[in-house]
Amino acid sequence: HANTTWSLVDNYMTERLIPRDDVLEQVMAANQREELPPIDVSASQGKLLQLLARMTNAKRILEIGTLGGYSTIWMGKALPADGKLVTLELDPKHAQVAQANIALAGLSRLVEIRVGVALEQLAKLEEEGTEPFDLIFIDADKPSNPAYLQWALRFSHPGTVIVGDNVVRDGEIINRHSTDPRVQGIRTFYDMLAAEPRISATAIQTVGSKGYDGFMIGIVNG
Ligand code: SAM
């Protein structure tokens, strides 16, 4: 996507609105060196997540899908000193790279990476009697999105903001006959949101350095 207008405009905006950050640059370099897939959020999206954390005064954040911790660090930097971010990652190598990145960002004390199948970790969190979260970012395996939404609602309070990434998939989501389980996972996610009185949601299409996609954002009703 590097030379598309979308990507160049993304760069233009990023250059003006998002000051260069040594730590985040080192994080991206580490992810590349460790050959993690380049599927982290973009800088503008990371900043958006950080702004949402600030706008909601988030003290407790839940992330499903850590990868190298890029989005984790964006959100973690918005936390107060007594805040907490729990992030769930299946792949031990991703988690290991993320742990080092989070240490580099000085966020180790606030961030807990839980390694394993997210659905199992979510069940464990409940057994442990975890407090509700103020901001929840869903960004892991898309076929599980419907289940992640259920868990997100269970771990919410009125006012919790829930964000889901990759809800457009180059427009594939309108193809009801798609045989891609990721597309079907997202379609079911929309159907659940449509039928769910506990959350008020919208979805925004995005273009940029990550191509054509979009995110869902919702707030849990009082
Ligand atoms: N949020 C990250 C960022 O923006 O920097 C990107 C996350 S990446 C899109 C998705 C991650 O979810 C991958 O690291 C993948 O290993 C992880 N994942 C996939 N299936 C999972 C599962 N069942 N449980 C937990 N994590 C999973």
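The shell around the ligand holds 19 residues, of which Asp40, Gly65, Ser71, Leu90 and Ala118 come nearest; a residue is near a molecule if its C-beta atom, placed from the backbone, lies within 6 Å of it. The model is predicted: local features need pLDDT of at least 70, side-chain atom pairs count only at pLDDT 80 or more, and totals for chains, interfaces and linings use all residues. Residues are numbered from 1 along each chain as its sequence is written. By class, the shell has nine nonpolar, five polar and five charged residues (Ala, Val, Leu, Ile, Met, Phe, Trp, Tyr, Cys and Pro count as nonpolar, Asp, Glu, Lys and Arg as charged, and the others, Gly among them, as polar). At least two residues of this shell come from each of helix H4 (70–76) and strand E2 (84–89).

The chain contains eight helices and seven strands (DSSP runs of H or I with at least four residues, and of E with at least two, numbered from the N terminus). Its radius of gyration, taken over C-alpha atoms, is 17 Å, close to the 17 Å that the globule rule gives for 222 residues, so the chain is as compact as a globular protein of that length. The rule is 2.2 Å times the number of residues to the power 0.38.

Strand E7 (residues 211–220) pairs in the antiparallel sense with strand E5 (residues 161–165) over five bridges, and Val161 has Ile219 of E7 as its bridge partner. Pairing requires at least two DSSP bridges between two strands. Strand E6 (residues 199–208) and E7 are also antiparallel, with ten bridges; Ala203 is bridged to Met216 in E7. Two residues lie between E6 and E7, which form a hairpin.
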